[in-house]
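Please look over the sequence and the fold before reading on.

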Amino acid sequence: MLRTSEFQAIERRIGESNILEVAGYPDIGTRQFVKAVARHVPVYMLSDYDPYGIEIFLTYKYGSHAMWNDETLKTSSLRWMGLHGRDIANCNIPNYCQLKMVKEDFLRAKGMMLLPHISAEIAEEIRIMMQHGMKYELESLAHLDPMYLGSVYIPNKIAQEEYVG
């Protein structure tokens, strides 16, 4: 969860920003809102590096399993900014931030690999996650510096166009 001070740091570093914070799987209204916003400005998603974070991204981008054919609920231009597998090493996230994947995580990840619309980039992220058997929360970046997410991570990801989608 982003704190107010992080919002301010993001705005100082990348200029005028619109930030929508959501938690968990999106409802229909939220998906429609994100799609409407994406018609006017680029929309990026930050999530935990775990099967649930990736699945939430896929729900926004391609729709839910139950409503995958409803185009009004898909935000095909959505970009997943991370957390990505390469960020773990590149950002020097401490080992004590690792969370071991459990059986349910592996089952969910394997299920996503079977989705017909999954991109090669997402499949590779899932493969690496399963190979290492570890997951990380977005809050892991705060262990580097409380302002790291807003002052370094997000501006660098946008400037370097380092996102999936």
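Is Lys74 buried or exposed? Lys74 is buried, because its relative accessible area is 15%; buried means under 20% relative accessible area, exposed means over 50%, and partly exposed lies in between (1.4 Å probe, protein chains only).

This is a predicted model, in which local features need pLDDT of at least 70 and side-chain atom pairs count only at pLDDT 80 or more, while totals for chains, interfaces and linings use all residues. Residues are numbered from 1 along each chain as its sequence is written, and side-chain values use heavy atoms, with hydrogens and water left out.

**Overall make-up**

- The protein has seven helices and four strands; helices (H or I, at least four residues) and strands (E, at least two) are DSSP runs, numbered from the N terminus.
- From the N terminus on, the order of elements is α-α-β-α-β-α-β-α-α-β-α.
- The protein has 165 residues, of which 43% count as buried.
- Of the contacts in the protein with a separation of 6 or more, 76% are between residues 24 or more positions apart; a contact means heavy atoms within 4.5 Å.

**Helix H2**

- In helix H2 (residues 28-38), the residues Thr30, Arg31, Val34, Lys35 and Ala38 are buried.
- They lie on the same side of H2, because they cover an arc of only 135 degrees around the axis; the arc is that of the directions from the helix axis to the C-beta atoms.
- An α-helix has 3.6 residues a turn, so residues three or four places apart point the same way.
- The buried residues of H2 pack against helix H3 (51-62).
- At the start of H2, the backbone nitrogen of Gly29 has a side-chain oxygen of Asp27 within 3.4 Å.

**Helices H3 and H5**

- Two packed helices are described by the angle between their axes and the distance between the axes.
- For H3 and helix H5 (residues 103-113), the angle is about 30 degrees and the axes are 9 Å apart; axes are lines fitted to C-alpha atoms, for helices over the stretch in contact, and angles run from 0 to 180 degrees between N-to-C directions.
- H3 contributes Pro51, Tyr52, Ile54, Glu55 and Leu58 to the contact, and H5 contributes Glu104, Asp105, Arg108, Ala109 and Met112.
- Glu55 of H3 counts as buried because its relative accessibility is 10%.
- Leaving aside neighbours within four places in sequence, Glu55 is in contact with Tyr25, His65, Arg108 and Met112.
- Glu55 and Arg108 are 53 residues apart in sequence, and their C-alpha atoms are 8.5 Å apart.
- Within H5, Asp105, Ala109 and Met112 are buried.
- They cover an arc of only 60 degrees around the axis, which puts them on the same side of H5.
- The buried residues of H5 pack against H3, strand E3 (99-100), helix H6 (120-132) and E4.
- Lys103 and Leu107 are exposed residues on the face of H5 turned away from its buried side.
- Met113, also found in H5, is partly exposed, with a relative accessible area of 32%.
- Not counting residues up to four places away in sequence, Met113 touches Ile118, Ala123, Ile126 and Arg127.

**Buried residues in loops**

- Lys74 is found in the loop between H3 and strand E2 (79-82).
- The side chains of Lys74 and Glu71 are joined by a polar contact of 3.0 Å; a polar contact is a pair of N or O atoms within 3.5 Å, where within protein one must be able to donate a hydrogen and the other to accept it, and residues adjacent in sequence count only if both atoms are side-chain atoms.
- Ser140 lies in the loop between strand E4 (134-135) and helix H7 (148-159), and counts as buried at 3% relative accessibility.
- Not counting residues up to four places away in sequence, Ser140 touches Ile93 and Cys97.

**Backbone geometry**

- Most residues other than glycine have a negative phi, and most peptide bonds are trans.
- The peptide bond from Gly82 to Leu83 is cis, with omega near 10 degrees.
- Asn92, in the loop between H4 and E3, has a positive phi near 55 degrees.
- Glu161, in the segment after H7, has a positive phi of about 50 degrees although it is not a glycine.
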